[in-house]
Amino acid sequence: MKNKLLESLLSVALLSVSVQIDASDAIPLVYDKENTSTSYPAIGLPALDKLPEINTLPDPMALSDGSGRVTDISRWEQRRSEILQQLQHYEIGTKPNVVRDSIEASIINDTLIVTIHEKGEILTLKAHIVYPEGDGPFPAVIGIGFHTGSLPKELFIDKGVAGIAFDFTQVMSHTQKRGEEPINRLYPEHVEMGAYSAWPWGISRIIDGLEITSDKSRIDTSRLGVTGCSFAGKMALFAGALDERIALTIAQEPGGGGVAAWRVSETLGNVETLGRTNYSWFKESMRQFSDTNVPRLPIDHHEVAALIAPRALLVLGNPDYEWLADESGYVSSVAAREVWKTFGIPERMGYSIVADHMHCMLPESQYEDVQAFVDKFLLGIDGAPTESVLKAPMFMEVDTDKWMPWK
């Protein structure tokens with residue numbers, strides 16, 4: 001009798017493990033569309049004086065109409081649509097849609113050339129590609145500024161991952177003059193657009209170009225990553241959040257306005273808060289939420305990070321620089337990871353906050369963390385230990401639960 005009971009319990013346990021593995025395998029690592037959430041209706045986007053104060057981090061799983069919480073991946077697309085609508089309305093402006101027929105692309109001397117046509121105007125983007133040895137097709141990382149961003153090339157190109165350099169100034173300058181940037185020629189009606197809408201638009205057009213050139217590019221567009229550091233770390237985060245064709249996002253030291261939550265940052269010291277950020281990167285109207293109005297912002301940046309789910313996200317931090325608000329980045333990362341945990345795929349989201357190194361200079365102590373995510377999500381090495389990349393020893397005593405009453 002005892003043996004039969006043990007056999008029964010073991011069978012149930014094995015069935016449970018099997019169901020969890022099958023469920024995880026069924027959740028896509030990446031999508032073949034820029035945005036899968038376009039079919040949902042517009043939600044209410046009230047003015048400041050009609051918005052309630054939310055003093056903790058908003059529940060990333062709660063539907064905006066109050067009808068309940070998303071508890072599985074089947075309804076995430078709907079919730080994702082709501083967060084996107086709020087983010088673009090209150091913070092960054094609308095990311096313009098592009099019809100594929102309006103884009104031309106070619107590869108010349110390992111340089112991708114993408115031309116976008118809109119209302120009689122054109123904008124041409126060029127991105128140089130560095131290939132690993134071999135014939136491909138290769139996974140690739142889009143590096144902001146440099147082929148692998150601020151991360152060492154040996155973690156990518158030497159391992160078999162191509163590097164694609166994105167020159168963001170071809171779309172919008174670091175500190176835009178509203179209405180006078182290259183992208184404004186195509187969309188003069190989007191004067192309010194923040195750089196974190198415009199720059200991800202440019203990265204999406206690079207991905208369009210890779211898809212159009214297909215075999216000529218020698219890039220496997222189902223295995224694309226994006227990375228950048230500091231303001232470019234924010235850019236990488238928003239690019240991954242706004243384009244679901246990106247399989248892996250590595251946001252290196254993104255600071256305030258990146259992964260760090262505005263609400264948490266408001267409680268810290270000399271850090272980049274909503275009222276202190278660079279407003280050329282966001283909508284000017286976001287200023288209305290500064291200082292005491294921060295709790296009225298309907299969303300926060302743990303939800304920006306969560307937009308990347310169920311795809312992969314790695315957040316890299318550096319607590320030596322107070323301005324980066326890494327305690328806030330840690331709290332926000334923990335909160336965002338609850339989304340991946342809800343879907344049974346926590347190994348797809350990690351964070352590594354390590355001290356004793358210069359800004360945007362990856363220390364050797366973080367090499368293994370980056371390599372694990374590159375191996376698993378760009379190179380397809382199943383055994384890469386991403387589930388253990390949860391490092392923030394200096395913040396272990398921080399009470400994250402007080403920010404997440406919905407947890």
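1. Let's start with Asp 243, which sits in the loop between helix H5 (231–242) and strand E7 (248–252). Helices (H or I, at least four residues) and strands (E, at least two) are DSSP runs, numbered from the N terminus. This is a predicted model, where local features need pLDDT of at least 70 and side-chain atom pairs count only at pLDDT 80 or more, while totals for chains, interfaces and linings use all residues. Residues are numbered from 1 along each chain as its sequence is written, and side-chain values use heavy atoms, with hydrogens and water left out.

2. Asp 243 is buried, at a relative accessible area of 1% (buried is under 20%, exposed over 50%, partly exposed in between; 1.4 Å probe, protein chains only). Setting aside neighbours within four places in sequence, Asp 243 has contacts (heavy atoms within 4.5 Å) with Lys 33, Glu 34, Lys 95, Ser 204, Ile 207 and Arg 311.

3. Now take a look at Glu 77 in helix H2 (residues 76–92). Glu 77 is partly exposed, with 29% relative accessibility. Beyond neighbours within four places in sequence, Glu 77 touches Thr 36, Ser 37, Ser 39 and Tyr 40. Leu 307 is 230 residues away from Glu 77 in sequence, yet their C-alpha atoms are 9.5 Å apart.

4. On to the cores (sets of buried Ala, Val, Leu, Ile, Met, Phe, Trp, Tyr and Cys residues joined through side-chain atoms within 4.5 Å). The largest nonpolar core has 98 residues, and Trp 199 and Ile 203 touch the most other members. A second, separate core has 17 residues, including Leu 316 and Phe 377.
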